[in-house]
Amino acid sequence: MKIFDAHCDVLSKLLENPGLDFEHEPELLDVTLDKMKTSGIGVQNFAVYLPEKDAGDFRRVLESVDLFHQRIASNRYMRLIRSKDDLRLVMESGRIGVMLSLEGVDALQGNLTYVRILFQLGVRSIGVTWNHANWAADGVMEPRGGGFTAKGKQLINECNRLGIVLDAAHLSEKGFWELAELSDKPFIVSHANAKQICGHARNLNNKQITELIRAGGVMGVTFVPPFVQSEQPVTMDKLLMHIDHICSLGGSRHIGLGSDFDGITEWIAGLEHAGKYGRLVELLQKHYSEEDVEHFVYKNWTHFYMRHLPEAPAE
């Protein structure tokens, strides 16, 4: 069964340590080509995320994008997804589809020209904030709990125009609701869980999940242990509680996976890296129909992007 993972941070590790071997590194990378092939990953989204010391430096964003193209997208087993045609070819060819996203717009410095440049370079989704405030909006950990700035609202419009999917992961709750009101296109939450099950600040409450479903978005259930339950260690079966809850709100066709591999320092038992998705699939198959499992792990994300990617590659 193919896997679509909407969020990993391996580019951050490659940026900090260029000597890491993306294809074969057994210990220091959660996501490698070997592990992806083991699990049958069909599509992997790679996030550009800069550490706080570099957060405002657009040059480091470009270095990350270059790493993605040189070390990942150029691999003969991979195909870059920029359009519906690219995704369709990935689904037909058996090659691994790779997508590029930006997590936090700090380095864009309010300059929408940078947004257009990143679109030309292949970025197809943007998470507006990380946990803190930036020029566009407040993150979920910002104490004042504000929403979008005037410039941030321009960012929403420009992403809608270009065909860049907006990602509400890490946004403040006020920002979430402003995005829902202002965006002409459905948005996503690439990696978060249900607050009703685990009260972490990064998780979504019932009203947010219901709105995401209503708007036609997708929510990537994430493997970050404190987002799954407050007590440690965390086992895979605890993820099912979040999936059950989202389904109870009408979200069975709006659930995906958003691992956050390589952005975490602790792991769910039995799901320590991208080579172990088979165990999760086996667990899901014990509790859900084959059709539902296929939608959770692959089809919900592919159907969403088939609707919302640009028609043709950027010229």
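## Salt bridges, a buried aspartate and the nonpolar core

E16, K53, D54, R60 and E63 are joined in a network of salt bridges (a side-chain nitrogen of Lys or Arg within 4 Å of a carboxyl oxygen of Asp or Glu). The model is predicted, so local features need pLDDT of at least 70 and side-chain atom pairs count only at pLDDT 80 or more, while totals for chains, interfaces and linings use all residues. Residues are numbered from 1 along each chain as its sequence is written, and side-chain values use heavy atoms, with hydrogens and water left out.

| E16 | R60 | 3.3 Å |

E158 in helix α6 (residues 150-162) and R116 in helix α5 (residues 112-120) are 42 residues apart, and their pair links distant parts of the chain. Helices (H or I, at least four residues) and strands (E, at least two) are DSSP runs, numbered from the N terminus. E158 is buried, with a relative accessible area of 10%, whereas R116 is partly exposed at 33%; buried means under 20% relative accessible area, exposed over 50% and partly exposed in between (1.4 Å probe, protein chains only). D54 is buried at 12%, while K53 is exposed at 62%.

D30 lies in the loop between α1 (10-16) and α2 (33-39). D30 is buried yet has no salt bridge, the nearest side chain of opposite charge being K13, 4.5 Å away; Lys and Arg count as positive and Asp and Glu as negative, with His and the chain ends not counted. The backbone nitrogen of D262 lies 2.7 Å from a polar atom of the D30 side chain.

The largest nonpolar core has 105 residues, of which F22, F46, I72 and Y305 touch the most other members. Such a core is a set of buried Ala, Val, Leu, Ile, Met, Phe, Trp, Tyr and Cys residues joined through side-chain atoms within 4.5 Å. Leaving aside neighbours within four places in sequence, F46 is in contact (heavy atoms within 4.5 Å) with residues including F22, F68 and I72. F68, in helix α3 (residues 58-73), is buried at 0% relative accessibility.

In α10, the buried residues are L239, L240, H242, I243, H245 and I246. Their cover includes α8 (206-215), β7 (219-221) and α12 (290-308). G250, which follows α10, has a positive phi near 95°.

Conventions
A polar contact is a pair of N or O atoms within 3.5 Å; within protein, one must be able to donate a hydrogen and the other to accept it, and residues adjacent in sequence count only if both atoms are side-chain atoms.
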